Amino acid sequence: MSRSNRSKLGLWAPLILFLVFVAVFPLLAPNMYFMNVAAFVGIYVLGCTGLNLLMGYAGQLSLGHAAFMGLGAYISGVLTAKFGWPPLPALAASVSGTSLVALVVGFPTLKLKGHYLAMATLGVGIIVYICFVQMDSLTGGPSGLVNVPSFSVGPLSIATPRANHYFIWGLTALGLIGAYNLADSRSGRALKAINTSEIAAATMGVDTFAYKLAIFVVSAAYAAVAGSLYVHYMNFTAPETFSFMHSVMLLTMVVMGGIGEFWGPVLGASLLTILPEYLRAYEGLEVLLYGLILAVVMMFMPKGLAPLLRNLTAILTRKAVVEDEN
């Protein structure tokens with residue numbers, strides 16, 4: 001095997017191993033509760049992967065990303081629950097509709113920079129949240145949207161925990177592979193150049209605004225798929241699910257995992273989805289312990305969990321090579 005092929009295999013091997021683990025997880029899970037948690041992990045990994053592309057690669061901060069996840073959920077949920085659409089066409093419509101909204105919103109807002117951009121995206125998130133509450137004839141208002149059907153592919157219903165696991169993680173795997181390829185492409189290198197220095201990137205001939213707008217739309221599309229998966233898995237959604245605090249949670253997951261790191265969304269979403277479940281045993285102290293753990297991680301690992309994992313892997317690999325040589 002050539003050095004080039006070995007290098008490519010080394011890049012893809014961790015992702016392949018992770019997806020194999022996800023595939024066999026239903027056989028290892030003690031009960032359906034663990035599969036339910038794994039489903040939520042998959043949904044948040046997908047949403048955070050899109051946000052990481054926007055923040056970690058293009059360097060654009062969004063404080064209203066839950067709005068795009070909410071649009072994906074409500075468009076898909078309303079079309080199926082109110083108008084009888086099959087779930088898969090509704091999913092496609094939710095991605096298309098959310099991407100169109102992101103394109104319209106991104107065109108003026110991405111001309112802003114820094115905290116001005118963050119405040120603009122925050123405003124968009126608040127406006128979308130208010131629409132979810134006020135358009136009660138479609139969305140159900142504050143009480144939420146009910147009777148949303150589970151996913152189905154023709155006559156095949158995806159309603160059991162195991163079927164949902166494979167469907168959710170199948171789409172999440174496609175999202176991860178897409179993000180992996182994007183990061184290693186010419187467009188990914190252009191986005192990283194914009195993140196490093198937008199002026200320098202423009203000087204080298206990169207159309208910075210076009211790239212920022214494109215990745216903003218792609219990020220919204222990821223969120224829309226995650227939102228659609230959520231609403232059809234839960235068969236219900238409410239405006240509060242996609243409030244400002246949900247945007248903060250998505251942002252925290254990306255930061256905790258490592259901004260700009262491929263494995264950042266996977267680690268951050270997994271930790272912050274699983275951790276509250278374990279802390280439920282400490283009734284009355286779970287919020288305090290949750291905050292304490294987050295503070296400790298950010299104090300001692302300010303760049304997130306992914307760099308730590310990469311460094312540990314490199315140390316173990318070097319150690320294994322030395323032992324083999326001896």
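User: Why is Thr49 called buried in this predicted model?

Analyst: The relative accessible area of Thr49 is 6%. The cut-off for buried is under 20%, so Thr49 is called buried. Thr49 lies in helix 2, residues 32–57.

User: What is Thr49 in contact with, leaving aside its neighbours within four places in sequence?

Analyst: Thr49 is in contact with Gly175, Leu176, Ala179, Tyr222 and Pro265. Contact here requires heavy atoms within 4.5 Å. As for Leu122, 73 residues apart from Thr49 along the chain, the C-alpha atoms of the two residues are separated by 19 Å.

User: What makes Ser219 buried, and in which helix does Ser219 lie?

Analyst: Ser219 has a relative accessible area of 0%. Buried means under 20%, and therefore Ser219 counts as buried. The residue belongs to helix 10, residues 208–234. Leaving aside neighbours within four places in sequence, the contacts of Ser219 are Gly50, Leu51, Leu54 and His65.

User: Why is Cys131 called partly exposed, whereas Cys48 is called buried?

Analyst: Cys48 has a relative accessible area of 0%, and buried means under 20%, so Cys48 is buried. The value for Cys131 is 35%. Partly exposed lies between the limits of under 20% for buried and over 50% for exposed, so Cys131 is partly exposed.

User: How many disulfides are there, and by what rule is the count made?

Analyst: A pair of cysteine sulfur atoms must be within 2.5 Å. By this rule the count is zero disulfides.

User: How do you know that the span of helix 4 agrees with its number of residues?

Analyst: Helix 4, residues 87–109, has 23 residues.

User: Which residues of helix 4 are buried, and what do they pack against?

Analyst: The buried residues are Pro87, Ala90, Leu91, Ser94, Thr98, Ser99, Ala102, Val105, Gly106 and Thr109. They pack against helix 3 (65–81), helix 5 (115–134), strand 1 (151–153), helix 7 (161–183) and helix 10.

Terms used: Residues are numbered from 1 along each chain as its sequence is written. This is a predicted model: local features need pLDDT of at least 70, side-chain atom pairs count only at pLDDT 80 or more; totals for chains, interfaces and linings use all residues. Side-chain values use heavy atoms; hydrogens and water are left out. Buried means under 20% relative accessible area, exposed over 50%, partly exposed in between (1.4 Å probe, protein chains only). Helices (H or I, at least four residues) and strands (E, at least two) are DSSP runs, numbered from the N terminus. The expected span of a helix is 1.5 Å times one less than its number of residues.
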